[in-house]
Amino acid sequence: MLKRKNLFTIGCYNVENLFDIKNDPLTYDDQFTPNGKNRWNKSKYKNKLRKISTVISKIGTNSSAYPPVIMGLVEVENNRVLKDLIAHKNLREFNYNFIHYDSLDERGIDVALLYNANFFEPENSKVYDIGLLNSKGEKDHTRDILLVSGRLNGELIHFIVNHWPSRREGVLETEKKRIKASEMVLKIIDQIREEHDSAKIVVMGDFNDDPVDRSIKGLLSNDNLFNPMEDLYEKGLGSLKYRGKWNLFDQIIFSKSFFDSNLSEHSFVKAGVFNERWLEVHKGKLKGSPFRTYIGPWYKGGFSDHFPVYACFENDI
């Protein structure tokens, strides 16, 4: 297939616990240390970097001349792991840089934005606290929402990277937390549009909800946004599998202006789940699901418990 130089991929990947091997006394990262429960050591860390860098280097390259020019990352521990990731031989040639802020998440995992500096020039970045409270009325810390504004091929685009609260304590019990996150994203969008009414916006991340759930539908109440992942979900595609059921928690949502070449220099072409066979478990009861680093307490040396998702945009300027 002809690889096009005017086709640009935006991706998003929950990389499942990309921790270094050093203990951070301020977070609960003890299991990802050499003496911790997972016996997380230099060899396992290097294998994880090799696996994740391989995946990023392949996304979108069946039709584009480049791997993703923008990559939202979920579950990264700190700047150190991001520096090691972009310095890996699988990614070194693509001139990646990143934007990351440490959040107050108890586990010490954050979101980040990876970008190819040949095509994207960041101008501003900021993080937003969702503002959750626990049952005692105390701050309930989770991952911040990251906003990065910059110029992709010269066009100003705003990227909002998310990792919304998990379902670990029950879907219904935690739903209000994700709705709160959704409301915060809508506030961020409103702030952007106060300055630029026709702003180009991309919202991406692991939302811990499917395209049909209330938090995502609430986000889409802003009728300027479009979610291409809803169609993929209706076709039975997913980015993770839980108890035999596919979920599409990883999504890329964007302004409808990306459909109109008169309003945007980048026009939407397609979206997908990067679910190549080499990313799957090949046998047993988990066959077909993402090949992850650990299955329970057992180290398997895989990639992640999520598949990446992506969207492709054409630029003809």
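Buried, for this talk, means under 20% relative accessible area, with exposed over 50% and partly exposed in between, using a 1.4 Å probe on protein chains only. By that cut-off, 56% of the 317 residues in the protein chain are buried.

A word on the model. This is a predicted model, where local features need pLDDT of at least 70, side-chain atom pairs count only at pLDDT 80 or more, and totals for chains, interfaces and linings use all residues. Residues are numbered from 1 along each chain as its sequence is written, and side-chain values use heavy atoms, without hydrogens or water.

Now the overall build. The protein chain has five helices and 16 strands (DSSP runs, H or I of at least four residues and E of at least two, numbered from the N terminus). Its C-alpha atoms fill a box of roughly 55 × 50 × 35 Å along the principal axes. Of the contacts (heavy atoms within 4.5 Å) with a separation of 6 or more, 69% join residues 24 or more positions apart.

The axes of H1, residues 42-58, and H2, residues 79-87, come within 9 Å and cross at roughly 60°. Axes here are lines fitted to C-alpha atoms over the stretch in contact, with angles from 0 to 180 degrees between N-to-C directions.

Who makes the contact? From H1, Tyr45, Leu49, Ile52, Ser53 and Ile56; from H2, Arg80, Val81, Asp84 and Leu85.
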